[in-house]
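Here is a friendly briefing on one protein structure.

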Amino acid sequence: MPSNGRTLRRELYAKLRTGRPDPDDHDQDQNTMSAVEVELTVNGKRQRASVEPRKTLADFLRDDLGLTGTHLGCEHGVCGACTVVVDGEPARSCLMLAVQARGADIVTVEGLSVDGEMNPLQQALWDSHGFQCGFCTPGFLMQITALLAENPSPGEAEIREALSGNICRCTGYENIIDGVLRAAGVTNS
Ligand code: FES
Ligand code: FES
């Protein structure tokens, strides 16, 4: 049964007092989560793992699969640094649970390179000086990958709209836009 406000307060006070859960909390057993089997495809490779139901997709990718190219910034869906492509759609992996990705086809930034070489989008961003510290870059790359898959020749306004949920603290965005236009073959400048 879900805890009501009074129960939650009682649990919180008990933990603050003792550093331990309330011994009278009979819901504790229900809060103990057992691992769940998950099978999914990541960067073309089938993966099977046992994960806690509360583990985010971002943590699963980074901690369980070692794919640390997916970055975590805000961890509440605002910055876009954790964006991956799930079944062709961009998704914030900090907001998605690993168990929700069961059966999905996921692409992370590690899946973009071809034979260890940058793919055309990565190259275009490089050529346009579309990053500085690079922290936001994986999220931008995955957002742009999903955009170009749906619309191979987006206009500048469409690019700005698609990237409006990704935050970069370094570039001022203009070079990123140039990189997308370059990747789309709209301009070579
Ligand atoms: S870390 Fe996921 S949106 Fe910021
Ligand atoms: S390049 Fe530094 S945050 Fe975007």
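**The sheet and its surroundings**

Strand β3 (residues 83-86) is joined to β4 by four bridges, and the two run antiparallel. Strands (E, at least two residues) and helices (H or I, at least four) are DSSP runs, numbered from the N terminus. This is a predicted model: local features need pLDDT of at least 70, side-chain atom pairs count only at pLDDT 80 or more, and totals for chains, interfaces and linings use all residues. Residues are numbered from 1 along each chain as its sequence is written, while chains are lettered from A and ligands numbered from 1 in the order in which they are written.

**Strands**

- Val 85 has Pro 90 in β4 as its bridge partner.
- Five strands form an open sheet in the order β2-β1-β5-β3-β4, with mixed pairing; two strands pair if DSSP finds at least two bridges between them.
- Because β2 and β4 (89-92) stand at the edges with a single partner strand each, one side of each is left without a neighbour in the sheet.
- On average, neighbouring strands of this sheet are turned by 40° against each other, direction ignored.

**Helix α5**

- Helix α5 (residues 137-150) packs on the sheet and touches β3 and β4; a contact means C-beta atoms, placed from the backbone, within 7 Å.
- The direction of α5 makes about 30° with that of β3, where axes are lines fitted to C-alpha atoms, for helices over the stretch in contact, and angles run from 0 to 180 degrees between N-to-C directions.
- Ala 149 sits in helix α5.

**Helix α3**

- Leu 57, Ala 58, Asp 59, Phe 60 and Leu 61 are buried in helix α3 (residues 57-64).
- The cover over the buried residues of α3 includes β2 (45-51).
- After α3 comes Gly 66, with a positive phi near 70°.

**The nonpolar core**

- The largest nonpolar core has 43 residues, and Leu 57, Val 84 and Val 85 are among those that touch the most other members; such a core is a set of buried Ala, Val, Leu, Ile, Met, Phe, Trp, Tyr and Cys residues joined through C-beta atoms within 7 Å.
- Helix α5 gives the largest share of this core, six residues.
- Domain 2 (36-72 + 85-109) and domain 3 (120-183) both give residues to this core, so the core lies between them; domain bounds come from an automatic or database domain assignment.

Key:
Buried ≥ 20, exposed ≤ 12 C-beta atoms within 10 Å, placed from the backbone. Contact = placed C-beta atoms within 7 Å.
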